[in-house]
Amino acid sequence: MWFEEIEEIFKGYLPYYILIFLPIFIIVSPVNPVTGSSEFPVYRMQQYDLHGIAHGCRSAGINLEAKSLTGWSTPRHCIVAKLGDLTVDSFKNIKLKAGALLIMLPNNLENLSPEDKQHLLILENAMIAQEISIPVYFSKYSPELETIVRDIDMNLDTNDMSKSAAEGIINSIAANGYQIVVSSSSPSLRNDAKIATIHGYIPGYSSDGKIQTIVIVAHYDSFGVAPELSFGADSNGSGVVILLELIRLFSGLYAEQKTRGKFNLVFALTGGGKINYQGSKKWLEDQLDSVDGSIIQDASYVMCLDTLAANDSIYMHVSKPPKEGSPSSLFYKELKAAAHNIHPAATVEGVHKKINLADDILGWEHERYSIRRLPAFTLSTLKSHKDFRKYTISDTRGNLDSDRLMRNTKIIAEALARQIYGVPSGEIFGNSWNIDNKHIAAWIDFLAKQPRSPQILSTKDNLLVATFKDTFNKFLRDVRITNAVPDKRDPDFQFYQLSSGTVNVYSVKPAVFDLVLTIGIVIYLLILYLLIERIPLLYNLACSFTLNAKMKVN
Amino acid sequence: MTLYHFGNCMALIYFPYYLTYKHSGLSEYGAFWKCIQAGLIYMVTQLAKMLVLATFFPDNVSDLGNDTIGEFLKSTVDLADLAGLYLVLSGIPGKGHSKVLTAGIGWAAAEVVLSRTVLLWVGARGAEFDWIYIQKCLESNILLVQHIITATLVWLWSRHDLKQNIRSAVSILLLLTSYKSLLLDLLISFIGASMWMGLLIKATTTLIYGMFTLVIYAGLAQIIGIF
C-alpha cells in the first residue's frame, strides 16, 4: 500500500527525472560549498635546505580531525595546542606519530614571563633543528581559536571512567568535533631565490696619500620558527640600524673637507645572515676575486654588527686575537674607553673563538672574512654564537630595549670616530652633530614591522632591499647590489614556497549524531502526522465552541 | 554536514507539506495545479515587493534593533502579501476548506521551495555542522501553519456576510500578520532568548493565532453551511 503512495508522489509532483538530475547536481556541485565559520590566518613553519641538509617542515596541506595534546592517538589527528602547553618531548612524539600540528601563540609575546620566554627559545630551537615530515602551523592568538582549543580539551573526557555510562554515550553522540583544513598543495622549491647584499662606500682623504679602509657589515635578515613571524628587532634589526646611523653620521662628516677622515668607509648590508652568512660569502668572493681589485682587499679591519641591544655588555668576537698595535686592537681600546665614558655599567670584553673548519655552519659573520685572511671581528651583546635569542619569533619591537640600542649606537660611533680622527678620549659627537634618536627609532620601527626571514626577502625586486639601496644612494658612493644565487647543481641554500595560509576550522558532529537526528526527525514527523489526522476533531471542537456561544447569545 | 544531513533537513522541511496536502483531502480534488498557480502568484508578489524595497529603502543590512522604524516600514511592504493571497483566493473557484487550504499550502510551498532549498543545498551539505539548518526547517513548519492562517483570514475578510465586530477583529489580525515576525524578533532579541527558545515562542504565538482564526472561521463556516 505504501508502495502505491510513493508511486503517487512520483506521478504527482516528484517526477522521475529527479532520480537522474539529483545525482548529477550532487556530482557537479563543489565538494565543500561552505566557507568555514572559523577562518584563521596561519603561518607555516620554516622550510629550507642549507648545505644539502633539510630543515623545518616538509608538507603543507591538512585535512584532519582536531585533537588536544593529550587526546591524540593516530596519524589521522591534527593536534591543536597552545604554545605554552607544548614541551620538547611531546613535540618529538608528535613529530613522529601525529598527522599535523597547529600551535596557537600567546596573546602577547612581549608580556611573557622569563621562564616562558626560555621555554619558547628552547622549543623553537628543538623544532627547527631537524626535518619534520608533518605540516606545522602557527596561529596568532584569537579568542575564537582559544574557545576551540578549550572545546577540544573538554572532549578528551569521553574516555573518562569517572563519568556515568549515560553521560559517556551522550558525550560521544553530541560532542563537538572539529575538522582542521588547510588546503594547499605540497610546497615546491623556489627557483627565483636570490640573496641581495647592498654595499657602498665613502672615500677618505689623507695628505700623504695613504688611505686605509674600514669595512662595516651587518646582515639585515631575521630568523624564527615561522618565516612570517620572524621580525628580528634585535637580531639583526639593531645591527642594521646602527650601521645606517653610522652611515648618516660619517657621510655628514666626510662631506666637509675639514672633517674628512683618513679612512675609507665601506658599508655593506648583507643578506642571508641567518643561513650561514650567504650574502657575506658571495660579496667577499666577488670583491676579492674581481680583476681590478677592491679596496676591501687591504682593509684595516672588517667590523660586523650583530644583535646589539640584548645586554649591557658588548663583546668583541674574534677568531684570532689581534696583534698589539693593529687597527682592530686600537679600536678595541677606543671602544672600551668610549663605553666607560658614556655608560660606565657597559663593559666591553673580547671573546676569542677559533673557527671550526669541520663545521659547515659558522658562528659569527666575521668568520667569513677571517677565513679569507682579513682582520675581522663581530660586535655583539651576546656572548655565545649559539645564543637562541638570535633565532626566535619573540624578538619583536616590544621586546627591544630602545634606550640600550641608542646607547650602544653612541658607544660604537664614538669609538669609531675617535679612531678615524685620532683623538683618543675626546668626545666627538656632541651638540651639533650627534646620534639622532628619532632616526634610530624610525628605522627600528620600520624594520621590526615586517617579517624579514631570508626566504621572504629573497624575492625579485624586494621592497626592503630597494629601500636600503635608496638610503645608501643618498649617503654613499658607488652603491651596488650583489646577488647570491644558489648554484644549480650543488646549492648552498634552497627555499620553498608557502610561508603562510588560511586554516578553516569546521565544527563537525560524529556520524552517530546524524542517525540520532534522523530518529528524532522521524518521531517529530510522526507526531505531526497524528496531529494532522486529528485536525477535524479540533475543527469540531471549535464549531461546538462557537455553537455554545451562539446558544448563549440567543 | 553531509549529504545525509541534507536529506535529514529535506525530510524535516518538506514532509509536513506533503502530509498537509495529503490529509487535508486536497489531493482528492486535484488541487495540484491550483497550488502551482498560487506559487506563481507568490513569485510575482515577491518580485513586486522587491522592486518596492529596492526603490524606496536604503540598502542597510543593519542588524535588528538599530533601525526599528526602518524595519517597521519594511514590514509594511509585507501587506502586499495579503493582496497577493487575495488574488490567489479569487482565482480558486468554490468555497470552504479546500479553497483556503489550497491557497495557503500553495503559497507556503512556493516560499519554502524558493527561499529554503538553496540555503539547505549550500549550507547543510557542507562539512560544517550548524544547528541553524534544523532550526530553519522547523521554522518553515511554523510558517506553513502561519500561511494557512493568513489565507483563512484573507478569505474571511473578503466575505461580505461577516459581522462588523468580527470583521474588525479579522482586520486587526491581518494587520498583525505583517508585523508579527518583526514584533517577535524584537521580543526575542529583547529578552535575549536563544534560537530554540525563539522557535518555541514563534510556535506558541502561531498556535494561539491559529486557535483564534479557527474559532472565527468555524463560526462563519457554520452560518454559511460548509463543513
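This report describes selected helices, strands and loops of a predicted model.

**Annotated transmembrane regions**

For chain A, an unreviewed UniProt entry gives the feature "transmembrane region" at residues 12–31 and 511–532. Residues 511–532 of chain A are 100% helix and 0% strand, and their end C-alpha atoms lie 32 Å apart. For chain B, the annotation "transmembrane region", again from an unreviewed UniProt entry, covers residues 182–201 and 207–226. The span 182–201 of chain B is 85% helix and 0% strand, with 13 Å between its end C-alpha atoms.

Helix H4 of chain A comprises residues 114–129, 16 residues in total. From its first C-alpha to its last it reaches 23 Å, close to the 22 Å expected at 1.5 Å a residue. The buried residues in H4(A) are A:Leu120, A:Leu123, A:Glu124 and A:Met127. These residues lie on the same side of H4(A), because they cover an arc of only 105° around the axis. An α-helix has 3.6 residues a turn, so residues three or four places apart point the same way. The other side of H4(A) carries the exposed residues A:Pro114, A:Glu115, A:Gln118 and A:Ala129. The packing partner of the buried residues of H4(A) is helix H3 (88–97) of chain A.

**An open sheet of four strands**

In chain A, four strands in the order E7-E3-E2-E18 make up an open sheet with mixed pairing. Strand E7 (131–132) and strand E18 (493–495) of chain A each have a single partner strand and stand at the edges, so one side of each is left without a neighbour in the sheet. Strand E2 of chain A, residues 47–50, is joined to E18(A) by three bridges in the antiparallel sense. Within this pairing, A:Tyr48 stands opposite A:Phe495 in E18(A).

**A covered strand and its partners**

Strand E10 of chain A (residues 195–202) is mostly covered, with eight of its eight residues buried. One set, A:Ile195, A:Thr197, A:His199 and A:Tyr201, points one way from E10(A), while A:Ala196, A:Ile198, A:Gly200 and A:Ile202 point the other way; all are buried.

E10(A) pairs with strand E17 (residues 477–484) of chain A, and bridges also join E10(A) to strand E12 (residues 263–270) of chain A. The table sets out the two pairings.

| E17(A), residues 477–484 | antiparallel | six | A:Ile481 |

**Backbone features in loops**

Most residues other than glycine have a negative phi, and most peptide bonds are trans. A cis peptide bond, with omega about 5°, joins A:Ser235 and A:Asn236. A:Asn236 is placed in the loop between strand E11 (212–219) and helix H7 (237–255) of chain A.

A:Thr307, a residue other than glycine, has a positive phi near 50°. Its loop runs between strand E13 (301–306) and strand E14 (314–318) of chain A. A:Thr307 counts as buried because it has 23 C-beta neighbours inside 10 Å, the cut-off being 20 or more.

A:Asp461 likewise has a positive phi, near 50°, and is found in the loop between helix H13 (454–457) and helix H14 (463–475) of chain A. A:Asp461 counts as exposed, because 7 C-beta neighbours lie inside 10 Å and the cut-off for exposed residues is 12 or fewer.

Conventions
Residues are numbered from 1 along each chain as its sequence is written. Chains are lettered from A and ligands numbered from 1 in the order in which they are written. This is a predicted model: local features need pLDDT of at least 70, side-chain atom pairs count only at pLDDT 80 or more; totals for chains, interfaces and linings use all residues. UniProt positions are given in the numbering used here, feature names are shortened, and annotations may be inferred rather than shown by experiment. Helices (H or I, at least four residues) and strands (E, at least two) are DSSP runs, numbered from the N terminus. The expected span of a helix is 1.5 Å times one less than its number of residues. The arc is that of the directions from the helix axis to the C-beta atoms. Two residues are in contact if their C-beta atoms, placed from the backbone, lie within 7 Å. Two strands pair if DSSP finds at least two bridges between them.
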